Amino acid sequence: MQLDKTLYPWADAMEPGMTVGEAPGYATGEYLDLFEERIFPAVDEKVGDLRYYVYDPTLHGMPQDRKYPVIFSLHGAGNALAGKLAVNYSGMELFASPAYQQRMGGAYIVCPLANEYRMEDGSSAGTWMTPKADGDLSEYSETLQAFAKENIQGRLLRILGAESIYTENLLALLSHVRVGFSSAGKTLLTGSSAGGYGAWRLLNAAPDRFDAALLMAPAYLPSEKLLDKLQARNIPVLLCHGLYDELVPFDLTVRPHLERYATMGNVRTFMPKLVVNRDGSVASNISGIQMGQHCINNAIQNDLMLADGTPMWVDLPRGITGWIRDAVGGMTMIIRKATAEDVYQIAKIVVEDWQTAYRGIIDSDYLDAMSAEKRYGVEINRYHDYVVAVDGQEVLGYAWHAMMEDNAADCEIIALYVRYSLRHTGIGRRLLLHAMDTFRDAGKKRMIIWCLKDNTEARRFYEKMGGVEWQSGSHQWGNKAYELVSYLYEL
């Protein structure tokens, strides 16, 4: 593919076979009706009233008896002029979808709009980057001050380090909305582009007000003193920025701190060579100016997942929703005996796990024929020996226990499954340890668990938990027999 480098400045970075695509992979506007428009009365006459949009999970099917994190999200420059569509441009619309809410365990979403307006030259004014006064670089190290003065000119130099006129207003708005939520938990701050600038300023002004931050191509170079604050408080930060960003240069806003970020245990950096859409094509959005690599919030809104379920970033196998759940989720898990009311959720977990994790191991015809309804008919007859890991009424995973009289192995975990989107969160570990404690209390000595020989992920887990490879065997599903391997645990 030959591309005009004046329109596609990152064309040389494309690998053979790559294509360019303008469709991010989701339908814009599908979930905007779930957001309620509100007005926050002015606390500063220079700023005025703030319009904002709110998604409340308790109004859309999530249980009332749990706490949910509050996602406070700032859009990019010019986006407020699109009205409610700014929710999408901030990267947050799909996080109100039932699927994403389920993966996160539920979350409030608050998207304020800057009081933006058009200048005569067509540019946007009144963005989150509007400074109170010229930038103050006194908190920067000498190295960064020199870098800024050498590399950043004109308006960017003037506002670098400057306080936004919106900071105090946004903090007041955040306090207001949290009081109005019946089940407000931790606070996640997000910001895209100019919204990332505003987010960095909020973190600088009130780091104790935020429990985590997701920054998407932020148009800001934080001071070392701010990084010190975040590191001292161990606030999780996920910084996402394309290497070839056309509007917010990576070299100016990320590279000066790369070595520092690598040493900060609370900071993770997703820095794709090229930002891609859900179908794997290279992102491109041309509307007078090329915006492809700058639209990393499109990848975020796709949960950093490709259409086939492959993560865009191997370090986040459960995507952004998984990171949010780990960073600020309000999940309170308990393990208890299963009831008949749990069985349909158990059936759905089994089918989802098989059709995802066993794809390429078990024949597709067999997997495709599975359904939660069919599986329910099987599980309802044997759930009495199950325990479930639950958060409120949501079943996160389950284990099937069995006592035996065999001298070689006198107890067995016949099945252990975790909701696929919640893998790597410790639920499987908790279920396995609970089973071992149950068997010990019953006087059992040796526990066995079987799995498919080709299920390498499960085998790594059982080995990590102390299991020793033991007997081999086989089992038939459909018209084909599959090899099994067992692991033995000394209790």
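**Close-up views of a predicted model**

**View 1. The buried face of helix 14.** In helix 14 (residues 372-379), the buried residues, with under 20% relative accessible area for a 1.4 Å probe and protein chains only, are Ala372, Arg375 and Glu379. Seen down the helix axis, these residues fall within an arc of 60°, so they line one face of helix 14, the arc being that of the directions from the axis to the C-beta atoms. On the other side, Glu373 and Lys374 are exposed, a word that stands for over 50%. Helices (H or I, at least four residues) and strands (E, at least two) are DSSP runs numbered from the N terminus. The model is predicted, so local features need pLDDT of at least 70 and side-chain atom pairs count only at pLDDT 80 or more, whereas totals for chains, interfaces and linings use all residues. Residues are numbered from 1 along each chain as its sequence is written, and side-chain values use heavy atoms, with hydrogens and water left out.

View 2. Tyr68 and Tyr108, both buried, form an edge-to-face aromatic pair, 6.3 Å centre to centre with 80° between the planes. Rings of Phe, Tyr and Trp (its six-membered ring) pair if their centres lie within 6.5 Å, and planes over 60 degrees apart count as edge-to-face, under 30 as stacked and the rest as tilted. Tyr68 lies in strand 4 and Tyr108 in strand 5, so the pair ties together parts that are 40 residues apart in sequence.

**View 3. A cluster of rings.** Ring pairs link Trp354, Tyr358, Tyr366, Trp477 and Tyr482 into a cluster, and the structure holds 19 aromatic pairs.
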